[in-house]
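Here's a walk through a structure that may be new to you. Have the sequence and the 3D view handy, and we'll take the pieces one at a time.

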Amino acid sequence: MSSEKVEMKDDHLDFLVELLTIGAGRSSEILSEMLDTYIQLSIPSIRQIDVKDLSNTIPEYLNQEVSVIDLMFKGDVSGESKLIFPAESARILGNLLLDADEDEDFYSAKVGVLTEVGNIVLNSIMGTISNYLKINFDYQIPVYQHNFTRNSLDDLRKSTDTLLLADTRFIAEKYSIQGDIALLFTMKSMEDLTKLMDKYLEEL
C-alpha cells in the first residue's frame with residue numbers, strides 16, 4: 001500500500017455528500033415502493049478516516065455489536081461499500097419491514113430484507129457516483145455480516161489505507177434509525193477518485 005496519504009479537500013467531501021444524497025434519494029423511492037412503507041434517507045455529512053487512527057475516530061456505537069451489508073466493487077476505482085447498523089437499529093428496521101414473530105424464520109427473513117435494503121442503498125449510491133464521474137464498476141454479490149464488531153473493523157487495516165464514513169439516517173414511519181455508510185479505498189483508488197472529482201468540478 002502507498003505510504004503517501006491522499007487528503008480530500010472540503011470541496012471533495014461536500015461533492016461526495018451531494019452525490020450520496022442523490023443516491024440515497026433514489027434508493028428511498030425504490031424502498032418505499034417495494035416495501036409499501038415511507039422511508040427517507042438523509043446523509044448530512046461525510047468524513048475521511050485514516051485506518052491508522054480507526055480505533056480513536058470511529059463512532060462510539062461501533063464498540064458494540066453491529067450488522068453490516070458489504071458490497072465490493074472493482075473497475076476504474078476499486079474498493080468496498082458498507083451499510084452499517086447498530087444491533088438495535090437493525091432490529092427495529094427488520095421489525096418494521098417484516099410482519100412476523102421473532103423466531104428462526106424471522107431471523108432468516110430479516111437477514112434477507114436487510115441485505116436487500118443494503119443492496120439497493122449501496123447500488124444507488126455507487127451508481128450515482130458512477131454516472132456523475134463516468135466510472136465503471138463491477139459489483140460482487142452483497143454479503144450480510146452479523147456480530148461485526150470493532151475488532152472486525154480493526155482488521156480493515158490489512159486491506160485498505162483510508163475510508164470515508166458518511167452519517168446516515170433512515171426515517172421509517174415514526175422511527176429514526178441510525179446507521180453509517182463506509183466507503184473503503186486503497187490509496188491508489190482514493191487518488192484516482194480525487195482526480196476524477198477535480199476534473200468534474202473544473203468543468204462546471
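Predicted model: local features only at pLDDT ≥ 70, side-chain atom pairs only at ≥ 80, totals over all residues.

Let's start with strand β7, which covers residues 162-172. This strand is mostly covered, as 8 of its 11 residues are buried. It also has several partners. With strand β8 (residues 175-185), β7 pairs in the antiparallel sense over 11 bridges. To find one spot in that pairing, look for T168, whose bridge partner in β8 is G179. The hairpin of β7 and β8 has 2 residues between the strands, and E173 takes a positive phi near 55° there.

Now turn to the other partners of β7. Strand β2 (residues 46-50) runs antiparallel to β7, joined to it by 5 bridges, and I49 has L163 as its bridge partner in β7. Strand β1 (residues 39-42) pairs with β7 too, again in the antiparallel sense, over 4 bridges.

The largest nonpolar core holds 52 residues, and L83, V121, I129, L164, F170 and I181 are the ones that touch the most other members. Which helix gives this core its largest share? That's α4, with 11 residues. There is also a second, separate core of 8 residues, including V68, L165, A182 and L184.

Helix α4 spans residues 104-133, and K110 is part of it. Is K110 buried or exposed? K110 counts as buried because its relative accessible area is 10%, below the 20% cut-off. Leaving out neighbours within four places in sequence, K110 is in contact with A90, G94 and L98.

Counted the same way, leaving out residues up to four places away, I129 touches L19, L20, K134, I135, F137 and L183. One of these, K134, sits in the loop between α4 and β5 (137-139). K134 counts as exposed because its relative accessibility is 67%, over the 50% cut-off. Its backbone is worth a look as well: most residues other than glycine have a negative phi. K134 is not a glycine, yet its phi is positive, at about 60°.

Last stop: helix α6, residues 187-202, where you'll find E191. E191 counts as partly exposed, with a relative accessibility of 33%. Along the chain, E191 and V6 are 185 residues apart, but their C-alpha atoms are separated by 6.2 Å.

Key. Residues numbered from 1 in each chain as written. Heavy atoms only, no water. Buried < 20%, exposed > 50% of the residue type's maximum accessible area, 1.4 Å probe, protein only. Contact = heavy atoms within 4.5 Å. Core = buried A, V, L, I, M, F, W, Y, C linked by side-chain atoms within 4.5 Å. Pairing = 2+ DSSP bridges.
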